[in-house]
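This report describes the aromatic contacts of a predicted model. The sequence and structure are shown first.

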Amino acid sequence: MELHRLTIHELRDLIQKGEVSPVRVVQDFLIRIGQVEEQVQAFNTLTPRMAVGFAKKFEEMQARREKLPPLAGVPLAIKDVICTKGVATTCSSRILENYVPPYNATVMARLNAAGALMLGKTNMDEFAMGSSTENSAFKKTRNPWNLGCVPGGSSGGSAAAVAADMCAGALGSDTGGSIRQPGGFCGIAALKPTYGRVSRYGLVAFASSLDQIGPLAKDVRDAAILLKVIAGHDPLDSTSGNVPVPNYEAGLTGDIKGLRVGIPSEYSIPGMDPEVESAIHKAIRVLEGLGAVQENVALPHTDYAVATYYLVATAEASSNLERYDGVKYGYRTPRSEHLIDMYMKTRREGFGPEVKRRIMLGTYALSAGYYDAYYLKALKVRTLIRQDFTEAFKRCDVIVTPTSPTPAFKFGEKMDDPLQMYLSDIFTISGNLAGVPGISVNCGFTKSGLPIGLQVIGKPFDEETILRVAHAYEQATPWHRERPRL
Amino acid sequence: MAKITRKEVEHVARLARLELTEEEKERMTAQLDSILGYIDKLDELDTSQVEPTTTVIPMVSVMREDAVRPSLKQEDALANAPDRQDAFFRVPRIIED
C-alpha cells in the first residue's frame with residue numbers, strides 16, 4: 001500500500017486500529033520525500049530522526065495495546081514561520097537562518113499532545129511576504145502540477161508538500177491569503193480560521209491584527225481534524241477568543257439544503273481568467289444541486305481592499321520587524337563601526353528586497369505627516385470593508401468566490417511588478433481585514449492541467465458551516481481525488 | 001507629480017534603520033511611487049464619519065495572578081545570541097571615545 005497517498009483520517013483509522021505501524025507510515029513518507037523533493041523543493045529543514053523516534057514510541061504503545069493519542073503517528077509539515085523547539089525556524093530569511101527557538105508555538109504543543117509527527121519545516125516567502133514563494137532567500141518551491149509554475153504563497157512549501165504527498169497534512173499562516181491562495185494553486189483544501197480562533201503564540205509576527213495559523217490538507221475532513229486540534233483559547237495569546245471549539249468533523253453532515261450561498265457581484269473583475277470564472281459558475285450550480293439557495297450580495301468596498309491591506313499590513317510589519325537588530329538572536333553583520341551602523345548593515349544584509357520594500361512602505365505610512373493620510377485612512381476603510389461582510393451575512397450563510405483571479409502563474413511573471421503580485425490576493429485579502437474565516441477547495445482544472453480554487457467565506461467563528469459546505473461540495477465532485485504526476 | 005522623492009526614501013530608510021545602496025534607493029523610489037499612486041484610490045471614499053478599526057475582536061485587558069512560574073533558562077535565552085559575554089548580549093561600541 002502506498003501509505004503516503006492516504007489522508008489524515010485514513011492513516012489515523014489504520015493506526016488506531018493497529019493495522020499499520022506508525023514507523024512504516026513515517027518511513028513511507030520519507031521515501032516519498034526522497035523521490036520527489038528534488039523536483040518540488042518544498043522543505044527548508046527535514047527532521048526524519050525525530051519523526052522516526054516518536055513513531056517508534058507509538059509503535060511500542062500499539063504493541064502493548066495502549067490507548068494512542070488521536071493523531072498518533074500522523075506525519076505533518078510545518079511552515080517555517082512557526083516556532084519549533086530545537087528545530088531551526090528561519091522564515092526563509094537570511095536574518096533568521098540560524099535561529100533555533102527555545103520554545104514551541106502553542107499549535108506545536110497541541111499537535112505534539114495529539115501525537116502528530118513533524119517531518120520538517122516548509123519553504124515560504126520571506127517573513128510570509130509574497131504570493132509565490134519566490135521571495136524565499138533559500139530556494140524556489142515548484143508547483144507539483146506544473147514544475148514551471150509557482151506553488152503560490154506565502155505558504156507555498158506547505159501547499160506543495162501536501163499536493164505532492166510528501167506529508168499527510170500541513171500548517172501554514174495567512175495574513176492576506178497565504179494559506180488559501182497556495183491551497184488553490186496546488187489543488188488542496190486550505191483553511192484560514194477566524195482571527196482569534198487559533199493561538200498565534202510562537203507564530204513569527206508579520207501583521208499582528210491579520211495573521212492566523214491554519215491547516216492545509218488533502219481533503220476537507222482532514223482540514224476539520226487539524227483545526228479541531230489547534231483551535232481554542234490560549235492564555236499566552238490574549239487575542240485568541242474564548243469561544244467553544246465545536247467537533248468540526250462531526251459537523252460534516254453533507255447536508256446543505258436551504259443554506260443561503262451569497263454571490264458578490266464585485267468579484268467579477270477585469271483580468272479574471274475565463275476558465276476560473278466558468279469553474280466557479282459550475283461549482284455554484286453543484287451547490288444548488290445539493291439544495292443550497294443562491295443569494296446576490298454586495299461587498300461594495302472590495303475594490304479598496306488591496307490598497308487598505310498594503311497600508312495596514314506593512315505598517316504592522318515595519319513595527320514587528322524592528323526586533324531584527326542583530327542583538328539577541330539572528331544574523332549580525334560582521335562589519336560594523338558602532339551600534340547604529342550595526343543595525344543598518346545587519347538589516348541590509350539580512351532582509352530580501354520584498355521585506356525591505358514593505359518595511360519602507362510601512363515606516364512611511366506611519367511617519368510624521370503621513371500617518372493621517374495613509375495609515376489612519378486605511379484603518380477607516382477597514383471598518384467599511386468589515387461592515388460589508390456584516391451586512392452581506394444578514395442575507396446569506398456563506399459567501400462563495402474564486403480563491404484567486406487566475407490559476408498558478410509562471411516563475412518570474414510578477415516578480416518585477418510588486419503591484420501585480422499584490423493584486424493576485426484580491427479575493428482573499430478582504431477576509432483578513434474583516435477577520436472572517438475562509439476555505440479554498442479544488443473545483444476543477446484548466447485545460448493545461450492547473451487546479452482552480454473555490455473559496456467559501458463564513459461568519460466570524462463559524463468555521464463549522466464553511467467546512468460543511470466545502471465538504472458537501474467535495475463529496476459531490478471528483479477533484480480532490482486527483483493527484484499530480486511526479 | 002511624484003508621490004515620494006528620493007530624499008524622502010533616504011529619510012524613511014534611516015527611520016527604519018535600513019541601509020540602502022544607491023541602486024536600491026533608485027528602485028525603491030520608483031516602486032513606492034507606483035504603489036502609493038495605487039493607494040491614492042482610497043481618497044475616493046469619504047471616511048470623515050467612519051471610526052478606524054485596529055482590531056476585529058473585542059480587546060480586554062487580561063489580568064492574571066502574580067504567581068511565580070517557570071520561565072526560559074538564562075542559557076536558553078542566550079543560546080541564539082550573535083555575540084555574548086558571560087550572561088550578557090554583547091554589542092558594538094555605543095558611545096564614541
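## Aromatic pairs

Rings of Phe, Tyr and Trp are paired here if their centres lie within 6.5 Å; by this rule, 17 aromatic pairs are counted over all chains. In one of them, the ring centres of Phe185(A) and Phe409(A) are 5.7 Å apart and the planes stand at 90°, so this pair is edge-to-face, given that planes over 60 degrees apart fall in that class. Phe185(A) is buried, at 2% relative accessibility, and Phe409(A) is buried, at 4%.

Phe445(A) and Trp479(A) also form an edge-to-face pair, with 6.2 Å from centre to centre and 65° between the planes. Here too distant parts of the chain are linked, 34 residues apart: Phe445(A) lies in strand S10 (residues 438–445) of chain A, and Trp479(A) in the segment after helix H15 (463–476) of chain A. Relative accessibility is 24% for Phe445(A), which counts as partly exposed, and 27% for Trp479(A), which is likewise partly exposed.

The two pairs are set out below.

| Pair | Centre to centre | Angle between planes |
|---|---|---|
| Phe185(A) and Phe409(A) | 5.7 Å | 90° |
| Phe445(A) and Trp479(A) | 6.2 Å | 65° |

## Cluster and charge

One aromatic cluster is formed by Tyr99(A), Phe127(A), Tyr324(A), Tyr329(A) and Phe351(A). Phe409(A) has Lys414(A) over the face of its ring, at 4.9 Å from the ring centre.

Methods:
Residues numbered from 1 in each chain as written. Chains lettered and ligands numbered in written order. Predicted model: local features only at pLDDT ≥ 70, side-chain atom pairs only at ≥ 80, totals over all residues. Heavy atoms only, no water. Phe/Tyr/Trp six-rings, centres within 6.5 Å; stacked < 30°, edge-to-face > 60°. Buried < 20%, exposed > 50% of the residue type's maximum accessible area, 1.4 Å probe, protein only. Helix = DSSP H or I, 4+ residues; strand = E, 2+ residues; numbered from the N terminus. Lys NZ or Arg CZ within 6 Å of the ring centre and 35° of its normal.
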